[in-house]
Amino acid sequence: MFKSMAPNRCATILPDDSIFVLTGDARRIPFAMRKLRQHPDADLYIIGTGAQLSYETMKKVKIESDSKSTYENALAIKEISSRAGLDRIVIITTEDHMNRAIYLIRQELPEAEIVACPVPLTGMPTTKRLERWTIEYIKYIITMLGIKEG
């Protein structure tokens with residue numbers, strides 16, 4: 001049921017959207033870069049530990065590398081969105097992480113339109129996918145209970 005609640009396709013990205021990609025899985029940044037090539041007028045923010053500085057030289061890419069958890073990612077996105085006056089944001093993260101990421105971001109930006117663009121877990125053995133979905137489900141339940149870090 002948890003998996004069926006997660007978006008499984010990228011929603012429509014508008015030409016001037018601001019795209020936020022959460023680090024943590026090697027698939028996410030390359031996926032986001034492909035989306036940026038499809039939408040060259042969009043801004044791309046790489047959020048979290050692990051952001052590679054080599055992307056920072058690209059005109060439309062900005063890096064926030066201080067946040068170390070999904071909750072800290074949400075706080076960083078809130079700060080950037082508030083400063084830039086954004087009322088619509090696109091979130092890129094892996095499909096198993098999307099529910100919790102959107103939940104935490106929505107807590108920080110309740111008025112913003114949040115557009116999901118999940119990275120599929122293709123090419124991963126079934127047992128590994130099942131393990132990841134189970135861990136994210138447990139983290140989601142813990143987050144719903146009010147524990148945002150940990």
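Is Leu 36 buried or exposed? Keep in mind that you are looking at a predicted model. Leu 36 sits in helix H2, which covers residues 28-38. Its relative accessibility is 9%, and since buried means under 20%, Leu 36 counts as buried. So who are its partners? Leaving aside residues up to four places away in sequence, Leu 36 touches Ala 42, Leu 44, Lys 60 and Val 61. If you want a distance to check, take Lys 62: it is 26 residues from Leu 36 in sequence and 12 Å away in space, C-alpha to C-alpha.

Now zoom out to the whole chain. It has five helices and five strands, and reading along the sequence you get the pattern α-β-α-β-β-α-β-α-β-α. The radius of gyration is 15 Å, close to the 15 Å that the globule rule gives for 150 residues, so the chain is as compact as a globular protein of that length. Along the principal axes, the C-alpha atoms fill a box of roughly 40 × 35 × 25 Å. Of the 150 residues, 49% count as buried. Take the contacts between residues at least 6 apart in sequence: 70% of them join residues at least 24 apart.

What about the surface and the charges? The accessible surface comes to about 8,200 Å², and carbon and sulfur atoms own 54% of that. There are 21 positive and 19 negative side chains, with the centres of the two sets 6 Å apart.

Next, find helix H3, residues 70-84. Its 15 residues reach 21 Å from first C-alpha to last, close to the 21 Å expected at 1.5 Å a residue. The buried residues here are Thr 70, Tyr 71, Asn 73, Ala 74, Ala 76, Ile 77, Ile 80 and Ser 81. As you look at that list, remember that an α-helix has 3.6 residues a turn, so residues three or four places apart point the same way. The cover over the buried residues of H3 includes strands S1 (18-22), S2 (43-47), S3 (61-64) and S4 (88-94), along with helix H4 (98-108). Just after H3, Gly 85 takes a positive phi of about 70 degrees.

Strand S3 gives you another way into this region, through Glu 64. Not counting residues up to four places away in sequence, Glu 64 touches Ile 46, Ile 47, Gly 48, Ala 76 and Ile 80.

Then there's H4. Eight of its eleven residues are buried, so H4 is largely enclosed by the rest of the structure. Among those buried are Met 98, Ala 101, Ile 102, Leu 104 and Ile 105, and also Asn 99, Arg 100 and Glu 108. They pack against helix H1 (2-5), S1, H3, S4, strand S5 (113-119) and helix H5 (126-144).

Finish in the loop between H4 and S5, where you'll find Leu 109. With a relative accessible area of 10%, Leu 109 is buried too. Apart from residues up to four places away in sequence, Leu 109 touches Ile 77, Lys 78, Ser 81, Ile 89 and Ile 114. Pro 7 lies 102 residues from Leu 109 along the chain, and their C-alpha atoms are separated by 19 Å.

Methods
Residues numbered from 1 in each chain as written. Predicted model: local features only at pLDDT ≥ 70, side-chain atom pairs only at ≥ 80, totals over all residues. Heavy atoms only, no water. Helix = DSSP H or I, 4+ residues; strand = E, 2+ residues; numbered from the N terminus. Expected span 1.5 Å × (residues − 1). Buried < 20%, exposed > 50% of the residue type's maximum accessible area, 1.4 Å probe, protein only. Contact = heavy atoms within 4.5 Å. Rg over C-alpha atoms; globule rule 2.2 N^0.38 Å. Areas by Shrake-Rupley, 256 points an atom, 1.4 Å probe, with all protein chains shown as cover. Lys, Arg positive; Asp, Glu negative; His and termini not counted. Charge placed at Lys NZ, Arg CZ, Asp CG, Glu CD.
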